[in-house]
Amino acid sequence: MGNLQPVSNVRPIAGVLAADQEWLDKAQALLAGYFGPMAAASLPVSFTHTHYYAAEMGEQLWRQFLVFEKLRPAEELADWKLAANALEREAGTNERGGRRLNLDPGYLAPGKLVLASTKNHEHRLYLRDGVYAEVTLRIRQRRFAAWPWTYPDYDAGRDFFDSAYAAYLQVLGQAGQTQGATLL
């Protein structure tokens, strides 16, 4: 029988897709209203990895990653996805009738970056209320590494996530929360 170990709180993150800087800024405000202050934000980059969202959101989209200060329990992830979906609805629709924002919450945890999704797939675990979780990036040799299913934009954002992860580990160390966690 294994011994139960304490679980470290996680650092919430969000991936944001929007058609312009105005909606990226609005997304930051909406998400900060839910998660609290941001700890870091990546520079917005042109989202060119797929045309999956083009019909709904437009051809020219921007990707930005956000990291939030307050550590929270990992079991809240399904709540975060449901809240993100509500925030997308609150942002309204664009001239195409599609979403103005795509908000994908997740978290940094010891050894991994986890994303929430409403889409089932073989590598995703069901949480509840139609929400699944996947380990999108993993730590190998003290840096994030991709899986075969890692979205290309998250793979391209690994330097940003490496920096955010290092800051997260410092917070965990200061809070004495790394018991039972594998950090490498």
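Is Glu 88 buried or exposed? With a relative accessible area of 7%, Glu 88 is buried (buried is under 20% relative accessible area, exposed over 50%, partly exposed in between, using a 1.4 Å probe and protein chains only). The points below build outward from there.

1. Ground rules. This is a predicted model, where local features need pLDDT of at least 70 and side-chain atom pairs count only at pLDDT 80 or more, while totals for chains, interfaces and linings use all residues. Residues are numbered from 1 along each chain as its sequence is written, and side-chain values use heavy atoms, with hydrogens and water left out.

2. Confidence. The average pLDDT (the predictor's confidence in each residue, from 0 to 100) is 93 for the chain, and 95% of the residues score at least 70. Please look at residues 178-184, where the pLDDT is below 50; beyond near neighbours in sequence, this stretch has 16 contacts in the model (a contact is heavy atoms within 4.5 Å).

3. Helix α3. Helices (H or I, at least four residues) and strands (E, at least two) are DSSP runs, numbered from the N terminus. Helix α3 covers residues 77-90, and its 14 residues reach 20 Å from first C-alpha to last, close to the expected 20 Å (1.5 Å times one less than the number of residues). Among its buried residues are Leu 77, Trp 80, Leu 87 and Glu 88. The buried residues of α3 pack against several elements, including α1 (21-35), β1 (11-18) and β8 (131-140). Just after the helix, Gly 92 takes a positive phi of about 85°.

4. The model holds 12 salt bridges (a side-chain nitrogen of Lys or Arg within 4 Å of a carboxyl oxygen of Asp or Glu). In one of them, the closest N and O atoms of Glu 56 and Arg 99 are 2.8 Å apart; this pair links helix α2 (residues 54-57) to the loop between α3 and β5, 43 residues apart. Arg 99 also forms a salt bridge with Glu 88, at 3.1 Å, and these two are 11 residues apart. Glu 56 counts as partly exposed at 27%, as does Arg 99 at 23%.

5. Another pair. Asp 159 and Arg 143 form a salt bridge with closest N and O atoms 2.8 Å apart, linking helix α5 (residues 158-175) and strand β9 (residues 143-146). Here Asp 159 is exposed at 55%, and Arg 143 is partly exposed at 44%.
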